Amino acid sequence: MIEVRLKAMGLNLPQVAAPKGSYVPFLVSRGHCFVSGQLPPTGSPDSPSPYCGTVGVDVSIETAQVAARQCALMILAQLGAALEGDFERVARIVRLGGFVRAVPEFTAHPQVVNGASNLMIELFGDAGRHTRAAVGVSSLPLGVCVEIDAIVELKT
């Protein structure tokens, strides 16, 4: 049970975020759930998020890893909404795509995205092992340092 594992880890799923553009947050098609790119919490003007900024300038690798983990929690929240809370329908995590806002000379993108990958493996075991991309970008929505999307295979 994913909910039990999350609770044992002291984690809660966040409220699902509304799309920031003309797209849907998830789409179930042909036995898969495609989850659009998810962001870590962005904070507010009174309380800015530590997850906004550029890795290698104002965000450390460790903070970016936590941001990636937060993205993974948001992916799970969207997945839960898609599956009406029935995480038993998850056959496996197929792929994560990670985008890291970083300085041009930064090369540790895989280490940052491990924040999301490791959570999927902790929660789903072998079914959480997935293919992945971890790429560097010059900017991301709302100024965040990382964005993660997912493809999840569903049980038939």
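A salt bridge here is a side-chain nitrogen of Lys or Arg within 4 Å of a carboxyl oxygen of Asp or Glu. Keep that cut-off in mind for the opening stop. The model on your screen is predicted.

**Stop 1: the salt bridges**

Select glutamate 122 and arginine 69. Their closest N and O atoms are 3.4 Å apart, and the two residues form a salt bridge. Glutamate 122 belongs to helix 3 and arginine 69 to helix 2, so this pair ties together parts 53 residues apart in sequence. Glutamate 122 is partly exposed, at 42% relative accessible area. Arginine 69 is partly exposed too, at 23%.

How many salt bridges does a search of the whole structure find? The search finds 2. For another, select aspartate 126 and arginine 129. Here the closest N and O atoms are 3.5 Å apart. Aspartate 126 is exposed, with a relative accessible area of 60%. Arginine 129 is partly exposed, at 46%.

**Stop 2: helix 3**

Select residues 109-124, which make up helix 3. Helix 3 has 16 residues. From its first C-alpha to its last it reaches 23 Å, close to the 22 Å expected. Where does helix 3 bend? Zoom in on glycine 115: the bend there is about 40°.

Colour the buried residues of helix 3. Among them are His109, Val112, Val113, Gly115, Leu119 and Phe124. What covers the buried residues of this helix includes helix 1, helix 2 and strands 3, 4 and 5. Step past the end of the helix to glycine 125. Its phi is positive, near 65°.

**Stop 3**

Select residues 61-82 for helix 2. Helix 2 has 22 residues and reaches 31 Å from its first C-alpha to its last. The expected value is 32 Å, and the helix comes close to it.

Move on to glutamate 84, in the loop between helix 2 and strand 3. Most residues other than glycine have a negative phi. Glutamate 84 has a positive phi, near 50°. Is glutamate 84 buried or exposed? Glutamate 84 is exposed, with a relative accessible area of 77%.

**Stop 4: the largest nonpolar core**

Select Leu76, Val146 and Ile148. The largest nonpolar core has 41 residues, and these three touch the most other members. Helix 1, strand 2, helix 2, strand 3, helix 3 and strand 5 each supply at least two residues of the core. Which element gives the most to this core? Helix 2 does, with 10 residues.

Stay on leucine 76 and show its contacts. Leaving aside neighbours within four places in sequence, leucine 76 is in contact with Leu13, Phe87, Leu119, Met120, Leu123 and Phe124. Leu119, Met120, Leu123 and Phe124 are among the buried residues of helix 3.

**Stop 5**

Select strand 3, residues 90-101. Two pairings can be followed from here. Strand 3 and strand 5 run antiparallel and are joined by 9 bridges. Strand 3 and strand 4 run parallel, with 7 bridges between them. Arginine 95 stands opposite threonine 131 in strand 4. Show the side chains as you look along a strand. In a regular strand, side chains alternate between the two faces of the sheet.

Now select leucine 142, in the loop between strand 4 and strand 5. Leucine 142 is a residue other than glycine with a positive phi, near 60°.

**Stop 6: the hairpin**

Select strand 1, residues 26-29. In which sense do strand 1 and strand 2 pair? Their pairing is antiparallel, over 4 bridges. Leucine 27 has phenylalanine 34 in strand 2 as its bridge partner. The two strands form a hairpin with 2 residues between them. Arginine 30 sits in the turn, and its phi is positive, about 50°.

**Stop 7: glutamate 3**

Finish at glutamate 3, in helix 1 (residues 2-8). Draw a distance from its C-alpha atom to that of phenylalanine 34. The separation is 21 Å, for residues 31 places apart along the chain. Which residues does glutamate 3 touch, not counting those up to four places away in sequence? The answer is Gly85 and Phe87. Phe87 is also one of the contacts of leucine 76. Glutamate 3 itself counts as partly exposed, at 35% relative accessibility.

Conventions: Residues numbered from 1 in each chain as written. Predicted model: local features only at pLDDT ≥ 70, side-chain atom pairs only at ≥ 80, totals over all residues. Heavy atoms only, no water. Buried < 20%, exposed > 50% of the residue type's maximum accessible area, 1.4 Å probe, protein only. Contact = heavy atoms within 4.5 Å. Core = buried A, V, L, I, M, F, W, Y, C linked by side-chain atoms within 4.5 Å. Expected span 1.5 Å × (residues − 1). Bend = angle between axes of the 7 residues up to and from the residue. Pairing = 2+ DSSP bridges.
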